[in-house]
Amino acid sequence: MNIYKPELMEVVEIIDETADTKTFKLKFKDTDAARNFDFKAGQFGEYSVFGEGESTFCIASAPTRKEYIECSFKQVGKVTTALRKVSIGDTIGFRGPYGNHFPIDDMKGKNVVFIAGGIGLAPVRCVIWNVLDLRDQFKDVTIIYGARSTADLVYKRELEEWKNRSDIKTVVTVDPGGEDAGWKGEIGFVPAIVEKAAPKAENSVAVICGPPVMIKYTMPVLNKLGFKDEDILTTLENRMKCGLGKCGRCNVGNVYVCKDGPVFTYEQIKKLPAEY
Ligand SMILES: Cc1cc2nc3c(=O)[nH]c(=O)nc-3n(C[C@H](O)[C@H](O)[C@H](O)COP(=O)(O)OP(=O)(O)OC[C@H]3O[C@@H](n4cnc5c(N)ncnc54)[C@H](O)[C@@H]3O)c2cc1C
Ligand code: FES
């Protein structure tokens, strides 16, 4: 068996999230592969454009929805530029799932606070839908999401759906100056909005993903609110190649982010080598 051989996936839907970000809905072409495929929230895959290469993206859909997978990607370089040219009905490659996952079972019975910035909502969205599909097994659910401007908000249709639900609290913000004329959400940077929303820390777990600067300034706010480092989870996006613990591309000290991660608690991240 060739561990690098991708499954063939048909692109069945494409959503333009922003000017540079798209979401693909993918279906396995092989019915056995479709039937046998299973994953957990937080895992990732290697997505390939034949003749161009592979890129690492999280699986952005929830494991509770079996009949397809979704990925959302921002155009930054070679493979993501090639992916942007893909159309509905085209075939791309996928191998995975790889890596560890969010501890959904340990989160049951707790309040869950999701904090995301920009395209960082993609890995968090997978956990959000997993939690919402099992809503009665969790206590309070809070979603705080920010982007630079209204044009940069991803998953707009889901943000509306979440805002309209009475069993979750959803706060959406844009950076000062990023609002358009009709904007009804918050205006401010994510750390300040987290402080304002003040989710309770007792019996709570926080899931955070976004640009490093957002995380850097949100962490002290969460600590101030009473969240302990072991109750704050994030997912790292170190550059990867094999995704399988073979090539050493992703390692930080003695940690292989592709195998030991990508999901880590802040307690674990603080123990990683200083250069990280
Ligand atoms: C576990 C994991 C999950 C990820 N999930 C997503 C996701 O859901 N959506 C998404 O859009 N992206 C995600 N990424 C980042 C994504 O893998 C890269 O942006 C992508 O591979 C770039 O491919 P490319 O060929 O277009 O860019 P390249 O041509 O390889 O590079 C273009 C530019 O992007 C930079 N770059 C490439 N990869 C990374 C990286 N991992 N981190 C920082 N800079 C990088 C390069 O240094 C270069 O400047 C994830 C990465 C990891 C490791
Ligand atoms: S990506 Fe190859 S070892 Fe992690």
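Analyst: **The second largest pocket and its surroundings**

Strand β6 gives the most to the lining of the second largest pocket, with five residues; strands (E, at least two residues) and helices (H or I, at least four) are DSSP runs numbered from the N terminus. This is a predicted model, in which local features need pLDDT of at least 70 and side-chain atom pairs count only at pLDDT 80 or more, while totals for chains, interfaces and linings use all residues. Residues are numbered from 1 along each chain as its sequence is written, chains are lettered from A and ligands numbered from 1 in the order in which they are written, and side-chain values use heavy atoms, with hydrogens and water left out.

About 370 Å³ of space lies in this second largest pocket, and of the 19 residues that line it, Met1, Lys5, Pro6, Glu7 and Gly96 are the closest to its centre. The elements that give two or more residues to the lining are β1 (7–16), α1 (31–36) and β6 (91–98). On a 1 Å grid over the protein atoms alone, a pocket is an open set of points with protein on both sides within 12 Å along at least five of seven lines, a cavity is a set where a 1.4 Å probe fits but cannot get out, and lining residues have an atom within 4 Å of a point. Grid points are joined across faces, edges and corners, and a volume is the space filled by probe spheres set on the points.

By class, the pocket lining has 11 nonpolar, three polar and five charged residues, where Ala, Val, Leu, Ile, Met, Phe, Trp, Tyr, Cys and Pro count as nonpolar, Asp, Glu, Lys and Arg as charged, and the others, Gly among them, as polar.

As for the chain, it is divided into domain 1 (7–98) and domain 2 (104–235), with bounds that come from an automatic or database domain assignment. The C-alpha centres of these two domains lie 24 Å apart, and the contact (heavy atoms within 4.5 Å) takes 19 residues from domain 1 and 18 residues from domain 2.
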